[in-house]
Amino acid sequence: MKIRVNPINCHAHGLCAELFPEWIRLDEWGYPIINPEVVPRELEAHARRAADACPTLALLLTRD
Amino acid sequence: MSTTGVDVALPRLLAGISLRGMVVHDRHLAVHGPLPSAARLDGGAIVELAERSRLRGRGGARFPSAIKMRAVRASRGQAIVVANGCESEPMSGKDALLLSELPHLVLDGATLAARAVGADRVIVAFERSNSDARASLEHALKQRRAAGVDDAVRFELFTAAETFLTGQETSLVSQINGGLPRPTFIPPRPTARGVRKRPTLVQNVETLAHLALIARHGADWYAQLGTEAEPGSTLVTVLGAVKEPGVYEIECGTGLERLFAAAGGVRGAVAGMLIGGYFGSWLPAALVSELELSDASLGRHNAALGCGVVVALPAASCPVAETVRVAIYLATETANQCGPCVHGSAAIARTLHAIAQGNAPTGALADLGRWTTVLPGRGACHLPDGLAHFVSTALATFPDAFDDHARHGPCTACGAEALLDIPPRGGAR
């Protein structure tokens, strides 16, 4: 699993970085900077939680 | 504008051009001969030709045409072709030249592309200000009908908006679908779901013009010029400190020195080069004798030919002032959709401007370094990537000039006439 953001839909709510700081940090304007690597299996639940929590549904989980 | 080839086997695309008006259909046929019929060259054969000749898109990204064609063929639904003549790169002149002088070559290529993907319709798109393109295309279509040419497609002309992002693939598709000239998120790619939700092949008009010649003469003929990795010829727009600026057709991989010689030679001292336009790279003048316009040579310096714009910056120009003007232009051309682009581009432009004025806070250069690193890949389109690369290569190529401005403010050359063209806001170019 990899994580992508739809940057058009993202409005910098920042919940993703709060829920999955191991993988997602925020830039100085509050927009996510996402680790492009494959999410380790043991962290996939965190990725799902972050994607589910996004108010604009901007976080995408891709099969890779 | 001068328009010539720099090699004995050239010009190819620009053969027959007179610059006294468009090449009419009779003359087009006399120069190039007729297009192979569908019986002689079917859609699958065209895709194979595009693949064997390693034809790559000439809009800037240089993406392989055959891969795009195959993606459209693999998608369900009636395909459609968009001939993209929206030359939104302000310094580029090649697409406007092709549309106004050589419309039959572009229309031939569009017909072949439609055949390759099974499309029944071709939309030729160009910017609103390009009234020459419309006149030439309308005239050319009339000539084809009168001559009984069976293109087997319906042609439509589309007038696109006048913005930097107007020709970006998804932005153009959005406009044709009645939307704003703004990039859209991928997926879906236009090859799967584009104009009217149909599989859509968007190709730059120069790419189509090459296809028109490859279909006539074959992949082996195409590869008689160029390098093994990049066969064929390509159009470049050469500007700045050369005696005869203009659009030139060159062999892929031509040395930069040879290109400048073809453009009448260098006029005065050169401070540096901009390769690839506003999404391109600044490179130091010392590289002029070593650089070839190939992926291999430019790639060693993290550069690419992109849309084909090559600018020799005269030593009398200020690289800081030129860079700041373009950075501000690009930052204002954001589609205002993606946060990192909206905020990051504005921050870069604002800080560069402060450096040029000599009133930037300490740490401004470090800020620029961070922003240009963090921005790429974080928009729906590549505007933030292009701006970041343009600025970071300027900082790397002209470190002393930026340092001098940061300390002492504008230099004597800052007030010189701008070389790099910035279209007026909301107006025609």
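Modeller: The account below begins with a pair of helices and then turns to the core and the domains. The model is a predicted one. In chain B, helix H5 (residues 103-117) packs with helix H8 (residues 205-217) at an angle of about 80°, and their axes are 7 Å apart. An angle of 65 to 115 degrees counts as roughly perpendicular, so H5(B) is roughly perpendicular to H8(B). H5(B) brings B:Leu105, B:Val106, B:Asp108, B:Gly109, B:Ala110, B:Leu112 and B:Ala113 to the contact, while H8(B) brings B:Val205, B:Leu208, B:Ala209, B:Leu211, B:Ala212 and B:Ala215. By class, the residues of this contact comprise 11 nonpolar, one polar and one charged.

The largest nonpolar core has 131 residues, and those that touch the most other members are B:Val81, B:Val106, B:Leu259 and B:Ala327. The largest contribution to this core, nine residues, comes from H5(B). At least three of the core residues come from each of domain 1 (2-222) and domain 2 (319-415) of chain B. Beyond its neighbours within four places in sequence, B:Val81 is in contact with B:Ala110, B:Ala113, B:Ala114, B:Val117, B:Ala119, B:Val122 and B:Leu201. A second, separate core holds 16 residues, among them A:Ala17, A:Trp23, A:Val39 and A:Cys54.

As for the two domains of chain B, their C-alpha centres lie 34 Å apart. Eight residues of domain 1 are in contact with seven residues of domain 2. On the domain 1 side, the touching residues are four nonpolar, three polar and one charged.

Conventions. Residues numbered from 1 in each chain as written. Chains lettered and ligands numbered in written order. Predicted model: local features only at pLDDT ≥ 70, side-chain atom pairs only at ≥ 80, totals over all residues. Axes fitted to C-alpha atoms, helices over the stretch in contact; angles between N-to-C directions. Helix = DSSP H or I, 4+ residues; strand = E, 2+ residues; numbered from the N terminus. Parallel < 35°, antiparallel > 145°, perpendicular 65-115°, else oblique. Contact = placed C-beta atoms within 7 Å. Nonpolar A, V, L, I, M, F, W, Y, C, P; charged D, E, K, R; others polar. Domains from an automatic or database assignment. Core = buried A, V, L, I, M, F, W, Y, C linked by C-beta atoms within 7 Å. Buried ≥ 20, exposed ≤ 12 C-beta atoms within 10 Å, placed from the backbone.
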